[in-house]
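Thanks for coming. I have a few minutes on one structure, so please look at it on the screen while I talk.

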Amino acid sequence: MSHSSVPEGTTGTVITDWRPEDPAFWQQRGQRVASRNLWISVPCLLLAFCVWMLFSAVAVNLNKVGFNFTTDQLFMLTALPSVSGALLRVPYAFMVPIFGGRRWTAFSTGIMIVPCVWLGFAVQDTTTPFSTFILISLLCGLAGANFASSMANISFFFPKQKQGGALGINGGMGNLGVSVMQLLAPMAITFSMFAMFGATGVEQPDRSMLYLENAAWVWVPFLIVFTLAAWFGMNELATSKASLRAQLPVLKRAHLWILGFLYLATFGSFIGFSAGFAMLSKTQFPDVNVLHYAFFGPLVGALARSAGGALSDRLGGIRVTLVNFVFMAIFSALLFLTLPSGGSAGNFYAFFAVFLMLFLTAGLGSGSSFQMISIIFRKMTMEKVKAQGGTEDQALREAATDTAAALGFISAIGAVGGFFIPKAFGTSLALTGSPAGAMKVFLVFYIACVVITWAVYGRNSNKK
């Protein structure tokens with residue numbers, strides 16, 4: 001299929017000739033292939049976020065269909081996918097260079113069908129033990145791990161100056177899955193869709209029917225379609241192949257851990273607030289039906305992530321991240337003024353507005369801190385390889401591998417926020433009856449991030 005104008009090795013499923021930093025190659029061939037891979041990757045990752053956060057919509061309804069779990073048990077089910085998702089991001093981060101992006105995207109999208117199908121059957125049988133739900137919620141973590149391999153894969157396709165934008169689109173549109181799920185799942189469970197598979201629904205006190213299995217099964221047809229799209233539509237880059245041993249040295253770099261800390265504050269806040277916002281509002285403002293509002297925060301955060309990546313390509317990731325942390329600290333301080341305390345009943349609309357600002361800044365910061373990672377790691381690796389007498393080509397290849405491994409591993413650290421934030425709210429409420437204790441910890445955390453970003457990266461950014 002090779003044309004005279006297209007160099008050999010740039011067609012077919014496996015591409016052996018890939019030079020995104022070469023402007024002529026990028027114009028003629030690279031951009032088209034990279035865009036196609038990006039736009040198949042996006043819906044796969046969006047579905048992954050839908051499945052990862054599934055229990056945030058399912059747990060609220062379990063007792064309505066005949067289960068009898070405690071609030072603590074239900075909190076546990078919403079937090080566990082973040083634990084397994086964070087842990088599994090570590091191996092997932094290294095998979096693309098070992099197996100190839102096309103194969104791994106298809107496999108990691110297809111495997112999500114398992115927890116979805118299983119959960120649909122489990123919620124219909126009220127004898128299903130809590131331990132089974134724990135297992136399914138841990139399996140939903142497989143979906144959360146996809147982010148690491150997806151971002152690593154997309155980073156190989158794009159040149160340095162376009163990485164912030166491409167990773168912002170992939171991550172931002174992927175993060176939209178949280179919002180899509182929190183909007184669609186509550187609608188899907190209100191009418192019969194899967195009667196032919198024996199789904200009968202449970203009658204509610206107000207005579208309406210609740211089809212909880214739909215929340216899990218509604219994603220299965222889409223997962224099948226995009227598993228096939230990944231298998232037949234994506235490419236593998238031979239240049240991105242690397243063994244595990246070639247990728248592991250990245251863990252010795254101090255910057256990996258510093259940037260991981262900063263990413264925990266941005267993406268960790270986004271995913272933690274997404275998981276915990278509905279439950280928190282319910283405890284503070286019991287009269288408000290929060291499910292009408294829950295999807296809105298993650299929507300704002302996800303859209304802001306794409307903007308954060310693009311802004312960073314223009315203004316510099318360090319500058320955007322630093323300003324962003326200042327705003328995160330200000331908004332988390334303002335949150336105290338909106339809560340019920342002493343004699344005041346608090347103000348839900350002020351609480352919701354400040355929370356939206358926190359979602360916005362968490363999203364922007366997720367995009368800008370990710371762009372920092374790719375710029376800083378690429379620069380460090382290029383300098384190291386050249387200092388050892390390596391060629392420009394070797395330096396570029398090693399930089400791409402190191403950056404992908406760092407992106408994946410740091411995304412694993414960030415995902416821990418999905419467990420830590422709801423758990424902190426839960427613990428603070430249990431000990432003091434108020435979330436203020438947890439919020440004080442977050443405020444100190446954001447202030448620490450301002451100091452670290454400025455001290456480690458901001459002061460020297462002019463020299464870089």
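I will begin with one arginine. R102 has a relative accessibility of 11%, so R102 counts as buried. Keep in mind that this is a predicted model.

What does R102 pair with in a salt bridge? The partner is E236, and the closest N and O atoms of the two are 3.6 Å apart. E236 lies in strand 4, residues 236-237, and R102 in helix 5, residues 101-110, so the pair ties together parts that are 134 residues apart in sequence. E236 is buried as well, with a relative accessible area of 2%. R102 has another contact: its charged end sits over the ring of W231, 4.1 Å from the ring centre. There is also a charge over a ring at R305, whose charged end lies 5.1 Å from the centre of the ring of F370.

Now the salt bridges in general. Side chains of opposite charge can pair when their charged atoms come close. How many salt bridges does the structure hold? The count is nine. One of them joins E21 and R378, with 3.3 Å between the closest N and O atoms. E21 is in the loop between strand 1 (14-15) and helix 1, while R378 is in helix 15, so this pair ties together parts that are 357 residues apart in sequence.

K379 and E383 form another salt bridge, the closest N and O atoms being 2.8 Å apart. Both residues lie in helix 15, four residues apart, which is about one turn of the helix. An α-helix has 3.6 residues a turn, so residues three or four places apart point the same way. K379 is partly exposed at 36% relative accessible area, and E383 is partly exposed at 48%. Salt bridges that share partners also join D17, R19 and D22 into one network.

D22 brings us to helix 1. A side-chain oxygen of D22 lies 3.0 Å from the backbone nitrogen of A24, and in this way D22 caps the N-terminal end of helix 1. Where does helix 1 bend? The bend is at G30, by about 60°.

Helix 12 is mostly covered, with 23 of its 31 residues buried.

Last, the aromatic rings. The count comes to 41 aromatic pairs. In one of them, F285 and F351, the ring centres are 5.1 Å apart and the planes are at 50°, so the pair is tilted. F285 lies in the loop between helix 12 (254-284) and helix 13 (296-315), and F351 in helix 15 (residues 348-387), so the pair ties together parts that are 66 residues apart in sequence. Both F285 and F351 are buried. F348 and Y349 form an edge-to-face pair, 5.5 Å centre to centre with 75° between the planes. Here F348 is buried, at 6% relative accessible area, whereas Y349 counts as exposed, at 56%.

That is what I had.

Note on methods
Residues numbered from 1 in each chain as written. Predicted model: local features only at pLDDT ≥ 70, side-chain atom pairs only at ≥ 80, totals over all residues. Heavy atoms only, no water. Bend = angle between axes of the 7 residues up to and from the residue. Helix = DSSP H or I, 4+ residues; strand = E, 2+ residues; numbered from the N terminus. Polar contact = N/O pair within 3.5 Å; in protein donor to acceptor, adjacent residues only side chain to side chain. Phe/Tyr/Trp six-rings, centres within 6.5 Å; stacked < 30°, edge-to-face > 60°. Buried < 20%, exposed > 50% of the residue type's maximum accessible area, 1.4 Å probe, protein only. Lys NZ or Arg CZ within 6 Å of the ring centre and 35° of its normal. Salt bridge = Lys/Arg side-chain N within 4 Å of Asp/Glu carboxyl O.
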